[in-house]
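Please review the model shown here. The briefing that follows is arranged by topic.

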Amino acid sequence: MRFIPSARGIAFLLGGVILSLSFYSSLPFFWLMALFFALLPLPLIRFSSAESSIEVANTDRLIIDKASIIAKSEVQEIIPAVPVSREELAKAAYLAASLHHDQESRVILQYVEKAFPSLVERIKKESLTAQSVREGVRIAGHLYQKGSRSYMERLVADTMPHDLESADTMIARQGSTPILIAKDERIIGVIAIRQYVDAAAISLCNHLRNIEVKTVVIGCDSKLALSSIAKQVGCDEYVAEISRESKEDLIENHENKGFVVKGDKELKSIAQRIGEGRKELRQEGALSIFLLTSVAARSILLFPSLLIPFYPAMKKLDVLHLSTPLIALSSAILYNLLLTFFLVPLIGRLEARRVFTSMAANAFLWLTSGLMITVIGIKTISMLLRGF
Amino acid sequence: MLTMFEGAQLIFFVAILFLLFKVMGEYIDFILEPTRPSPVFYRVLRIRNNQEQTWKQYLGAILVFSIISGVGTLFLLLFQSHLPLNPERLPDIPFPLAFNIAISFLTNTDWQAYGGESTLSYFSQIMALGVQNFFSPAVGLCAAAALCRGLFRENTQTLGNFWIDLTRIIVYLLLPLAVIVSIFFMQQGTPQNFSPYLDIQTLQGALQKIVQGPLASQEAIKVLGTNGGGFTHVNSAHPYENPTMGTNFFQMMGFFLIVLGQLYYFGKRIRCMKTIWTFFFVIVALLVFQVILCTSVEKQGLPFLQGIDTSMGNLEGKEMRFGVFGSCFYLIASSFTSCGAVNAIVSSFTPAGKLFSLLNIEFGKTLFGGVGMGVCNMALFALLICSCAGFLRGRTPRYVGKSLEFHEIFLAFLPFCFFYLAILGFVAATGRSTGLSEVIYAYSSAAGNNGSSATSLPLNSSWYNYTLACAMLLGRFGTLVPVLALAGALGKKKKISGAELFPLKGVALSLLLISAVLVLGIIVFLPSLLLGPLLDMIQYWGKA
């Protein structure tokens with residue numbers, strides 16, 4: 001069960017107020033009951049079970065794994081270091097990727113199978129026993145490795161060949177991901193992988209920004225490469241060059257701080273749930289402000305006109321001239337019903353559109369409209385009733 | 001409207017408030033959040049500086065202290081004829097009245113159903129009431145400090161130590177200020193002695209008793225602690241309690257001294273100075289607005305009086321030394337700070353003038369208030385505004401960086417419920433349809449811990465003595481207990497990183513604040529106000 005805290009408290013208070021009023025006023029009890037139904041904010045007694053979407057609504061930052069927003073990636077080109085041939089580089093890359101199942105490795109395998117079919121056949125015939133290492137493979141006494149530049153610089157004793165260094169930067173600047181290939185502690189070439197961002201992810205990130213959720217893209221790529229991806233997809237921040245272990249840590253860390261981290265298809269559903277949750281909370285706020293103001297406005301309009309038969313001087317405070325107490329009371333009850341069944345859904349729909357972006361402006365909108373609509377509504381209904 | 005001189009007084013007053021706001025705030029902050037070593041008497045009493053209390057312990061300490069001091073006051077009053085310093089040989093006070101007095105001074109209400117000079121011995125004035133005049137604001141300020149700590153600390157179980165806070169507030173804040181102010185009052189002509197009342201033969205040959213006693217010291221703490229319980233029956237209208245225009249002005253300033261200081265301290269600690277400045281400006285603007293309006297209404301005079309020159313306004317029940325403006329200004333300032341001291345008879349104000357004071361008590365529960373409880377109420381009200389308007393941001397409500405759940409919002413709403421219940425419930429139970437405004441004023445004043453009265457009702461009867469005491473207890477402890485529970489609940493929470501502390505500020509906050517005060521006040525109090533004071537007002541003007 002959900003709760004509009006202060007507003008529902010008012011509903012209970014109102015009961016107490018009217019009960020105590022009955023003790024010292026000259027109003028008959030039946031009238032006081034009618035008064036209660038004329039004033040009570042009926043729509044506040046509502047049950048809802050959408051707890052989960054409200055928890056999600058508080059999310060201010062979403063962490064997105066880079067892999068989940070890449071629609072397609074392909075090898076753009078391979079650049080060997082000076083003494084190494086293209087075929088040799090392709091073989092090393094194929095072997096390094098052969099035992100891994102991530103997206104990068106798949107792309108490399110596909111490329112080599114397509115570009116060097118004879119090479120692949122030869123490798124398959126050899127059928128050597130391979131042993132998987134963290135980012136590579138140990139096979140026939142050789143160690144083949146692949147990875148980003150910062151990762152390689154940590155693993156491999158050899159410094160980066162000069163010609164590859166400029167190629168690496170150039171690839172990253174073009175928005176592609178450079179992958180370095182090393183054979184036995186020596187970097188022998190670089191492979192440029194071109195990544196295409198999912199069009200759906202772009203619109204999702206746009207949507208998230210509109211509902212004030214920051215997006216952070218994380219990946220093991222270099223800063224340059226990831227920043228260009230973040231720019232393409234429209235993410236606000238990025239955390240680059242993270243290894244597999246540090247990625248786990250990062251996600252866990254952020255989860256502890258209350259950030260939601262999801263990948264793949266869940267991104268879409270979570271964005272939707274955040275939007276829904278926020279909309280629902282905004283509607284709740286708009287409704288409680290509108291209803292509270294409306295109750296206050298109704299009591300200003302109603303009480304003086306009810307007391308006229310007992311104290312004729314009250315005419316001065318009967319702002320709307322609601323003729324008889326009976327008409328005043330019945331028009332307020334009718335207005336309350338109208339409010340419950342017609343105005344409340346309308347307010348919900350308006351607030352879903354979000355009339356103003358600033359919270360204070362919205363609060364004033366619902367304050368003033370709560371007052372104005374109540375005054376106009378009750379006056380109109382009372383005039384109609386008098387016509388009958 | 002105001003004359004030039006009156007306008008100048010008002011402007012001067014506001015300017016001084018503006019200056020005092022920061023000075024007093026920094027001083028209270030310096031006292032309550034110290035890093036200095038503990039003074040000698042802590043070591044004697046074996047109070048350790050680092051011995052912090054959880055909210056339950058803190059509340060327990062407050063309750064134990066209140067019960068002991070309340071019972072002590074009660075016994076001093078019950079047996080005053082056997083105690084020293086009673087030159088007028090005043091008799092013991094009957095139980096219902098003694099109970100009412102004890103509760104009223106315990107809760108910082110200082111409701112007076114008795115004439116001070118004809119009921120209480122000097123010993124009772126000093127040891128029973130005078131001591132409570134120090135204790136009750138100090139306890140309130142302790143609760144405010146605990147709430148403040150609950151808000152600005154994170155992941156904590158403890159809220160400070162009540163005994164340390166209490167001694168610090170009394171020794172460093174109330175005592176020094178009270179000594180300075182009483183010396184000022186003595187210089188201005190207020191007596192400070194233990195001699196018997198003087199018998200004077202007037203020029204017409206009648207005998208008159210002239211009050212003597214330790215007035216200056218009582219007067220100082222009455223003003224500073226927003227107590228408002230006067231030494232004499234007529235309170236600050238008495239020439240000894242309020243001898244000059246200077247003391248009159250100083251008394252009004254005294255109401256605000258600690259009330260504003262605690263607000264600044266609160267804002268500084270929770271790091272929401274912008275919000276607190278907005279509160280300050282709203283309060284000052286409302287004060288000025290009300291003083292001008294109330295004075296204009298009172299200056300119109302009494303429409304019923306035929307053939308009498310009313311050009312000086314409604315002077316019934318007002319001290320000629322202060323005039324219409326001085327009386328109205330004092331009444332508004334005193335009801336604003338829930339002090340309850342008066343320098344004119346409230347029941348002699350016009351219905352509209354009286355209404356200002358009543359509205360300040362009833363609606364003003366949310367905005368201003370006395371030492372300690374005032375800032376607690378403002379914090380609670382700000383929390384309720386956040387919880388309602390906060391939804392419009394599309395997030396669940398937050399307050400000073402902490403997320404609010406049902407438990408906290410419920411605790412913040414509870415004091416208001418107790419307050420409304422105490423007023424409307426007891427008014428209904430009294431069952432009078434005549435003199436309703438007076439009954440409403442009496443119970444509002446008691447539940448709001450204000451203490452001024454606008455009534456000719458038989459207040460010193462068992463019914464009023466007991467029910468008003470209950471209303472005072474509900475008003476005071478109905479706020480104090482939830483406030484400490486809230487402080488405990490919020491203290492355990494972590495601040496949400498990156499969340500803004502208070503979602504509103506500036507003009508938007510002040511407009512929302514005023515409209516929230518009005519909406520809540522109208523929903524709860526309009527029916528009773530219509531049948532009481534508003535009806536008086538319309539009929540009063542209707543006949544003119």
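**Strand pairing**

Strand S1 (residues 198-201) and strand S2 (residues 207-210) of chain B run antiparallel and are joined by four bridges; strands, like helices, are DSSP runs numbered from the N terminus (E, at least two residues, for strands; H or I, at least four, for helices), and two strands pair if DSSP finds at least two bridges between them. This is a predicted model, in which local features need pLDDT of at least 70, side-chain atom pairs count only at pLDDT 80 or more, and totals for chains, interfaces and linings use all residues. Residues are numbered from 1 along each chain as its sequence is written, while chains are lettered from A and ligands numbered from 1 in the order in which they are written.

- B:Asp199 has B:Lys209 in S2(B) as its bridge partner.
- Five residues lie between S1(B) and S2(B) in their hairpin, and B:Gly205 in the turn has a positive phi of about 100 degrees.
- In chain A, strand S4 (residues 136-139) and strand S5 (residues 142-147) are antiparallel and share four bridges, with A:Val137 partnered by A:Tyr144 in S5(A).
- The hairpin of S4(A) and S5(A) has two residues between the strands, and A:Ala140 there takes a positive phi near 45 degrees.
- S5(A) is also joined by four bridges to strand S6 (residues 177-183) of chain A, again in an antiparallel arrangement; A:Gln145 stands opposite A:Ala182 in S6(A).

**A:Pro178 in strand S6 of chain A**

- Strand S6 of chain A contains A:Pro178.
- A:Pro178 counts as buried because it has 25 C-beta neighbours inside 10 Å; a residue is buried with 20 or more other C-beta atoms within 10 Å of its own, exposed with 12 or fewer, and partly exposed in between, with C-beta atoms placed from the backbone.
- The C-alpha atoms of A:Pro178 and A:Ala192 are 4.6 Å apart, although the two residues are separated by 14 positions in sequence.
- Leaving aside residues up to four places away in sequence, A:Pro178 touches A:Arg149, A:Asp168, A:Ile171, A:Ala172, A:Val190 and A:Ala192; contact requires C-beta atoms, placed from the backbone, within 7 Å.

- Chain A has 14 helices and 10 strands, and 41% of its 388 residues are buried.
- Of the contacts in chain A with a separation of 6 or more, 70% are between residues 24 or more positions apart.
- The largest nonpolar core holds 268 residues, and those with the most contacts inside it are A:Ala93, B:Cys142, B:Ala143, B:Leu147 and B:Tyr443; such a core is a set of buried Ala, Val, Leu, Ile, Met, Phe, Trp, Tyr and Cys residues joined through C-beta atoms within 7 Å.
- Not counting residues up to four places away in sequence, A:Ala93 touches A:Ile108, A:Val112, A:Lys146, A:Ile181 and A:Ile191.

**Helices**

- Helix H12 (residues 266-307) of chain A has 42 residues and should span 62 Å at 1.5 Å a residue, which agrees with the 61 Å between its end C-alpha atoms; the expected span is 1.5 Å times one less than the number of residues.
- H12(A) is mostly covered, with 34 of its 42 residues buried.
- Helix H8 (residues 215-224) of chain B has 10 of its 10 residues buried, so it is largely enclosed by the rest of the structure.
- The cover over the buried residues of H8(B) includes helix H6 (122-152), helix H7 (162-188) and H9 of chain B.
- Helix H9 (residues 245-269) of chain B has 25 residues and reaches 37 Å from its first C-alpha to its last, close to the expected 36 Å.
- H9(B) is mostly covered, with 18 of its 25 residues buried.

**Interface between the chains**

- In the contact between the chains, 45 residues of chain B meet 47 residues of chain A.
- Helix H13 (373-389), helix H14 (406-430) and helix H17 (506-543) of chain B each supply at least two residues of the side of chain B that touches chain A, and H17(B) gives the largest share, 18 residues.

**Positive phi in loops of chain B**

- B:Leu85, in the loop between helix H3 (55-78) and helix H4 (95-106) of chain B, has a positive phi near 55 degrees.
- B:Leu85 is partly exposed because 15 other C-beta atoms lie within 10 Å.
- B:Asn449, in the loop between helix H15 (436-447) and helix H16 (462-491) of chain B, has a positive phi of about 50 degrees.
- B:Asn449 counts as buried because it has 33 C-beta neighbours inside 10 Å.

Notes
Contact = placed C-beta atoms within 7 Å.
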